[in-house]
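Q: I have a structure open and would like to talk it through. Could we begin with a helix and what follows it?

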Amino acid sequence: SMTEPESSRSRPEGAYDVFLSFRGEDTRKTFTDHLHTALVQAGIHTFRDDDELPRGEEISHHLLRAIRESKISIVVFSNGYASSRWCLNELVEILKCKRKKTGQIVLPIFYDIDPSDVRKQTGSFAEAFDKHEERFEEKLVKEWRKALEDAGNLSGRSLNDMANGHEAKFIKEIIKDVLNNLDPKYLFVPELLVGMDRLAHNISYFLSTATDDVRIVGIHGMPGIGKTTIAKVVFNQLCYRFEGSCFLSNINETSKQFNGLALLQKQLLHGILKQDVANINCVDRGKVLIKERLCRKRVLVVADDVARQDQLNALMGERSWFGPGSRVIITTRDSSILLKADQTYQIEELKPYESLQLFRWHALRDTKPPEDYIELSKDAVDYCGGIPLALEVMGACLSGKNRDGWKSVIDKWRRIPNRDIQGKLSISFDALDGEELQNAFLDIACFFIDRKKEYVAKVLGARCGYNPEVDLETLRERSLIKVNAFGKITMHDLLRDMGREIVRESSPKEPGKRTRIWNQEDAWNVLEQQKGTEVVEGLKLDVRASEAKSLSTRSFAEMKCLNLLQINGVHLTGSFKLLSKELMWICWHECPLKYFPSDFTLDNLVVLDMQHSNLKELWNGKK
């Protein structure tokens, strides 16, 4: 199994994020020292080359390797930079590396010197070069001049451009640039990966073979089997070798959102180009942009959870959209999507001994279970069918329970057929203590996946009347939600569907009698036909892509207990008195109103999310 530490699955040994080149006697104890401290504090692995060290004529192998293996070289140009032969030789090497190695970035910092002095070797640089021309051969001096000219032409940061030359602010901006360029290549992978070694190795090996054609691999298998995890492991192993890389997660879910495919196109361009991309309003325009901007770049792209051909076509219609040597990984439940792939891999269920290892890790955090748990563990594993997600959720559900607790949960699992994985997962929902915790899970499953944790906590706090941090932590410990690197709450599709099914089952035929209505069609029908009841606590509708947008406030008259409401793009007419007085969350993007009517009571509101709307002020007059 793959148990070596996270970092070793991420990057080559000894590689640095940043190589810092500077003229010691100018800035060693001042600016460069502050910059170095800030880089280290930001968790950026930095190599500081101090030119005080005794040196020979040549740049050492150790130093060359540090330059080569750094992702970014920061060159601090100061007044005396050009007078150091050592600095100039180092700059030549840094630029050689940039030309040779794909994806290496050079960031010039013009500290107390103008970029044009560096470019044209004027000012203090002119004096330095007068001396060089007397002492060194012409060929070498020419090489130095060329290096300074090239570096001066790169986009960097100049202290003179900062208002009042504030160094602290200047350093903050540099850190932002660096993080943007490193941001975050490596993806979090669970600490224990079982049974994935060989497959990850095979895929990496196939993709690493040096060829200039664009290679596509497909990974398929049932939900919860580990497709995304394998893709992340391979991505982490390979991403540093490309000019740009991008991991597009949950493509199927995202593409259902308003303008979803265009959002994914934008994410792909931003992920690789690392600069802001104008909003893409039409998928065909996005296709042209991707082709134009990426066709000369060697990129690594993961398209995770593709369900339909049009999703794939929007992001990678032709191989020629990406530059020579690019690599693409597609994960899907449906192998027919992968007809164009050069190689496909099916993920099989875990073998019994692997299942046991993964289950024990989540249930006991200890690989050796006490005697009287050995048989129980084996029973539990039998009912999980070798599916990593089930083993993780089941293990987390039993973690901390006593033997009787184990028995009763395992007994419930036994009654559900192995095929019905959703049914099995719902046992972990039943095992949540207390209604508040269950409600928090259902609210997230229906309305708040992919929202920032703080945002969700505000709404849930209003719903339950106390700080929901503990509940969110419990859900995370039970493996029912995750919080990703961007601070957003995510949930596996199978768990999301399990939660939504629990809500649906409460009233299979009549959506207006369910606590939560998240399905577009159901929400529109309930409102248009005015079928809502006081049972409904949350409703989500997005008509931004539909022709029909108009609804009457009368549709809400019966929903007296409505707390959560999303009506993106809806045009509401009628008296706002009819809306629930209990509203806590309103998400109304592209709201056509200029201001809210004065009869709209919002005493319980905690989050008002009105992006891209016509609101000029909340109310006309005082309120």
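This is a predicted model: local features need pLDDT of at least 70, side-chain atom pairs count only at pLDDT 80 or more; totals for chains, interfaces and linings use all residues.

Q: Which residues are buried in α21?
A: The buried residues of α21 are Tyr455, Val456, Ala457, Val459, Leu460, Gly461 and Arg463. Two of these, Tyr455 and Val459, are touched by tryptophan 585.

Q: Changing topic to rings: how many aromatic pairs does a search of the whole structure find?
A: The search finds 18 aromatic pairs. One of them joins phenylalanine 136 and tryptophan 144, whose ring centres are 5.3 Å apart and whose planes stand at 75 degrees, so this pair is edge-to-face. Phenylalanine 136 and tryptophan 144 are both buried.

Q: What about phenylalanine 596 and phenylalanine 600, how far is it centre to centre?
A: The distance is 5.1 Å centre to centre, with 80 degrees between the planes, and this aromatic pair is edge-to-face. Phenylalanine 596 and phenylalanine 600 are both buried. Ring pairs also link them with Phe576 and Trp588 into a cluster.

Q: Which ring does the charged end of arginine 215 sit over?
A: The charged end of arginine 215 sits over the ring of phenylalanine 206, 4.4 Å from the ring centre. In another case, arginine 298 lies over the face of phenylalanine 242, at 4.7 Å from the ring centre.

Q: Where phenylalanine 206 is concerned, is it buried or exposed in α9?
A: Phe206 is buried in α9, and so listed with Leu199, Ala200, Ile203, Ser204 and Leu207, given that buried means under 20% relative accessible area.

Q: Why do the buried residues line one face of α9?
A: Seen down the axis of α9, its buried residues fall within an arc of 165 degrees, so they line one face of the helix. In general, an α-helix has 3.6 residues a turn, so residues three or four places apart point the same way.

Q: What is exposed on the other side, and what covers the buried residues of α9?
A: Arg198, His201 and Tyr205 are exposed on the other side of α9. The cover over the buried residues includes β6 (215-220), α10 (227-238), β9 (327-332) and β10 (343-346).

Q: Where is aspartate 197 found?
A: Aspartate 197 is found in helix α9. This residue is partly exposed, with a relative accessible area of 34%. Its C-alpha atom is separated by 9.0 Å from that of isoleucine 230, 33 residues apart along the chain.

Q: And where is threonine 533 found?
A: Threonine 533 is found in the loop between α24 (520-528) and β14 (538-542). Threonine 533 is buried, with a relative accessible area of 15%. Leaving aside neighbours within four places in sequence, threonine 533 is in contact with Gly512, Lys513, Glu558 and Met559.

Q: Finally, what does the secondary structure of the protein chain come to?
A: The chain has 24 helices and 19 strands. Of its 623 residues, 51% count as buried. Its C-alpha trace spans about 90 × 70 × 45 Å along the principal axes.

Definitions and conventions. Residues are numbered from 1 along each chain as its sequence is written. Side-chain values use heavy atoms; hydrogens and water are left out. Rings of Phe, Tyr and Trp (its six-membered ring) pair if their centres lie within 6.5 Å; planes under 30 degrees apart count as stacked, over 60 as edge-to-face and the rest as tilted. Buried means under 20% relative accessible area, exposed over 50%, partly exposed in between (1.4 Å probe, protein chains only). A charge sits over a ring if NZ of Lys or CZ of Arg is within 6 Å of the ring centre and within 35 degrees of the ring normal. Contact means heavy atoms within 4.5 Å. Helices (H or I, at least four residues) and strands (E, at least two) are DSSP runs, numbered from the N terminus. The arc is that of the directions from the helix axis to the C-beta atoms.
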